[in-house]
Amino acid sequence: MTRALLVIDVQNDFCPGGALAVNGGDTIVPGINQLMTEFDAVVLTQDWHPAGHSSFASSHEGKEPMEMTEMPYGPQVLWPDHCIQGSHGAQFHPDLTTDRADLIIRKGFDPAIDSYSAFFENDHETPTGLEGYLRTRGIEDLTLVGLATDFCVNFSAVDAAKLGFGVTVRTDLCRAIDLNGSLQAALEGMTQAGAGIA
Ligand code: VGL
Ligand code: ZN
């Protein structure tokens, strides 16, 4: 069995002081670095938006961050501007061991579609290419850690389980945004999809 560690969006903007800071986002970094040594492969994801991205509240007249909007692909939370390509906020947390990564996959670069999942954009059909990468490397089993539990980790875990990978989410090495009960909903959704919550 070939096992990969999938490290979701451990970037400055999701850590304290960042544009979309997740409580305690930085506290998981040492544990993630340590866990990397136990896997055959390590993949990092990086939220990577062009300026003016359609998931930003600032791109929608009269909308505030954390309000909802309707996109052609369904409901979408509007976020503060974050993880803009090339910015400091889009860089990995400075203490994250990026040297151990075999692959860094960027997502959210299409101005018109947000991408929470490491596998598909939020239309649930445009692939990022990660599935093919993992399959061609013979990877069958995934452990997920990172930010945020209830958005990018959640969507990645559910998609991975649907695609037939064995999935474990190490919630001790994840932190959540928790918007209107989104953490509880995510834990239930991931369990229902067949992901193991550890
Ligand atoms: C994320 C909101 C917007 C995440 C990314 O990494 O969970 N959340 N973009
Ligand atoms: Zn984003």
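## Contacts between two helices

Two residues are in contact if their C-beta atoms, placed from the backbone, lie within 7 Å. In this predicted model, residues of helix 3 meet residues of helix 4 in this sense. Helix 3 contributes Thr149, Asp150, Asn154, Ala157, Val158, Ala161 and Lys162, while helix 4 contributes Ser182, Leu183, Ala186, Gly189, Met190 and Ala193. By class, the residues of this contact comprise seven nonpolar, four polar and two charged.

Helix 3 covers residues 149–162 and helix 4 covers residues 182–193. Their axes come within 9 Å and cross at roughly 10°. Because angles under 35 degrees count as roughly parallel, helix 3 is roughly parallel to helix 4.

## Overall fold

The protein chain contains four helices and eight strands. Read from the N terminus, these elements follow the order β-α-β-β-β-β-α-β-α-β-α-β. The radius of gyration is 16 Å, close to the 16 Å given by the globule rule for 198 residues, so the chain is as compact as a globular protein of that length.

The C-alpha trace spans about 50 × 30 × 30 Å along its principal axes. Of the 198 residues, 43% are buried. Among contacts with a separation of 6 or more, 71% are between residues 24 or more positions apart.

## Surroundings of ligand 1

Which residues surround ligand 1? The shell is formed by Asp9, Phe14, Asp47, Trp79, Tyr116, Leu147, Ala148, Phe151 and Cys152. Seven residues of this shell are nonpolar and two are charged, with no polar residues.

Conventions
Residues numbered from 1 in each chain as written. Chains lettered and ligands numbered in written order. Predicted model: local features only at pLDDT ≥ 70, side-chain atom pairs only at ≥ 80, totals over all residues. Rg over C-alpha atoms; globule rule 2.2 N^0.38 Å. Buried ≥ 20, exposed ≤ 12 C-beta atoms within 10 Å, placed from the backbone. Near = placed C-beta within 6 Å. Nonpolar A, V, L, I, M, F, W, Y, C, P; charged D, E, K, R; others polar. Axes fitted to C-alpha atoms, helices over the stretch in contact; angles between N-to-C directions. Parallel < 35°, antiparallel > 145°, perpendicular 65-115°, else oblique.
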